[in-house]
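Work through these exercises with the chain in view. Try each task before you read its solution.

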Amino acid sequence: MWRRGCCRLLQLGGSSHHPQPAAAEASHWPPPSWGSSRGIAERVNGVAATVQFERFYEAPTMSADAVLATLRELVQEQSADVHLLAALSRRFAGHAEEFFPPQIEELMGAFAQLGYCDEHLVHGVAGRMEDLASDASPRRVVRLLRYASTLHLRPDAWLGHALAALHRQMPNMREGLPAVIISLHGLRWRDDELEELLLTQGFIVSEHLGDEFLGRLLEAWTRYGQWDEEVQDRLETLAEQFVAQRGQSKSKARTPDLRDGLNILAGLRRCSAAEERRSGPAADHLEKLLVAQVQSAGPEEVSAALGWMKRLALRSDPLWKASADSVELALKEKAFVRDLLPEATHCLASLAGSGKEEAALVAGLLSTAEVKAATPKYGARQSLQLLHAVSMLRLRDESVVGPLAAQTARLARQLTLPERRILLTVSDASGSPDDSLAAASRNLSLLPLPPLLGNEPALAKASQLSTVRVGAESLLIDKKARRIKDESALSGVKYLGFGDMLTEAGQARAQLSPACRLAISALERHGWKVELRP
């Protein structure tokens, strides 16, 4: 009764007595409290305080169905309430036997969408993975691997049962094969025999699924950085077919999708990097064709192509310049500036090289009158994208950085959990602890994802490693180092994931991405020496 009474009083504003006359309300519209209320921004996408209280209060005793229903609501709200997520994770870990396998799969998917993972979730998933994977269908195996890769689940705790299910279902694997390869690579799990089996199965089913599937398969497989003669030959054949199909598009044939061409180009670039040689004529011809297609494409298609290049971690100087020119021309369209410009600008910054020319081009885009007029109307996510872009490029123009930082700080509580980590990284890398952005990031509740591990020989003695939180990142250190109070205690290891390195033509080795460089800078601002391991 006490709890229901409190909730009812909260809903009524603290009291149900002495209602105000209707005439008085009308004469003071809008109410004075509207102009002086604090935290308006954080309640735009939020929920009532009573709902938050009831969820947290009931989390320890929720049934499995109630836990899932709450997680569905949190996903729809894009919640970043780490305290509630921690309570739900503890509830699952403490009573994991109450959850059926489909419910555990849905729970993992919800936590993956929210970007939250802690030791309780890892413990609960590891304890039930045998039941979850014992009779898993091919689609469930694909989803489990995808969720685990997103959450950075420690492979040695659960992956054995999932791999056994993957081997059993290998003859039935079809469309999900590229996702399986991408997930295993994202977990930094290396198994030459398994990689060969996945590639062989992909070649078998590609005869029925077509060239688009084969392009996705080969792009995923080349992420391992290995060279294979058959893979190289098939990629070159796909490139020639793509160019030929593009040449026939004028005769009412279907214009090939830019993303399919980018998949092929990324695979060819990685094959060349693995063999430490320059790309062949097939890759160069395909790149020229893609540049021409970007130059003739509309703003929406160019924005989608930039997003796909970022997803592939593909750095191409001609494609970058062509895309930047298209974005600059699209500034005349108000709809593009309003809806697509922040994402396109963020992709350009994420794929930029180390030269000053590209940074100056992005700075010029953000300094235009059209962008400055639209900036105050951007939401939290769009403002953060622009702020992250200028931070990755090390722009120092206060007329650009200042308004973006102030607006992002004002809207910070609307950000999702992954976005809050980006905000904290930007704030730490800036090195100014007294500004509004630093204050906003300090007031946000967040939890970094676990560090990437994998199964490399260097991690054979994983029990001797410990995890330490540094800002928005998790670093690996020797357990003995935690007991040492000198400079060696501030030295950690970070295993790079996909996207931390960019593949570029003419480079024997991949280069650190701007986002990774910014994250390292933020760690160094905390006084840590970081050893990067590819």
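**Exercise 1. Find the residue that follows helix H18, and check the helix itself.**

Step 1. H18 is followed by Ala313, whose phi is positive, near 55 degrees. Helices here are DSSP runs of H or I with at least four residues, strands are runs of E with at least two, and both are numbered from the N terminus. This is a predicted model, in which local features need pLDDT of at least 70 and side-chain atom pairs count only at pLDDT 80 or more, while totals for chains, interfaces and linings use all residues. Residues are numbered from 1 along each chain as its sequence is written, and side-chain values use heavy atoms, with hydrogens and water left out.

Step 2. Now test the length of H18. The expected span is 1.5 Å times one less than the number of residues. H18 covers residues 299–312, and its 14 residues should span 20 Å. Its end C-alpha atoms are 20 Å apart, which agrees.

Step 3. List the buried residues of H18. Buried means under 20% relative accessible area, exposed means over 50%, and partly exposed lies in between (1.4 Å probe, protein chains only). The list is Pro299, Val302, Ser303, Ala305, Leu306, Trp308, Met309 and Leu312.

Step 4. Keep the helix geometry in mind. An α-helix has 3.6 residues a turn, so residues three or four places apart point the same way.

**Exercise 2. Classify the aromatic pairs.**

Step 1. Recall what is needed. A pair of aromatic rings is described by the distance of the centres and the angle of the planes.

Step 2. Apply the rule. Rings of Phe, Tyr and Trp (its six-membered ring) pair if their centres lie within 6.5 Å; planes under 30 degrees apart are stacked, over 60 edge-to-face, and the rest tilted. The count comes to 3 aromatic pairs.

Step 3. Take Phe92 and Phe99. Their centres are 5.1 Å apart and their planes make 85 degrees, an edge-to-face pair. Phe92 and Phe99 are both buried.

Step 4. Take Phe111 and Tyr116. At 6.0 Å centre to centre and 35 degrees between the planes, this pair is tilted. Phe111 and Tyr116 are buried.

**Exercise 3. Trace the strands.**

Step 1. Two strands pair if DSSP finds at least two bridges between them. An open sheet of 3 strands has the order E1-E5-E6, with mixed pairing. E1 (314–315) and E6 (511–512) stand at the edges with a single partner strand each, so one side of each has no neighbour in the sheet.

Step 2. Join E5 (residues 501–504) to E6: they run antiparallel, with 2 bridges. Met501 has Leu512 as its bridge partner in E6.

Step 3. Turn to E4 (residues 491–495). In E4, 4 of the 5 residues are buried. E4 pairs with E7 (residues 529–533) in the parallel sense over 5 bridges. Ser491 has Lys529 as its bridge partner in E7.

**Exercise 4. Summarise the chain.**

Step 1. Count the elements: 28 helices and 7 strands.
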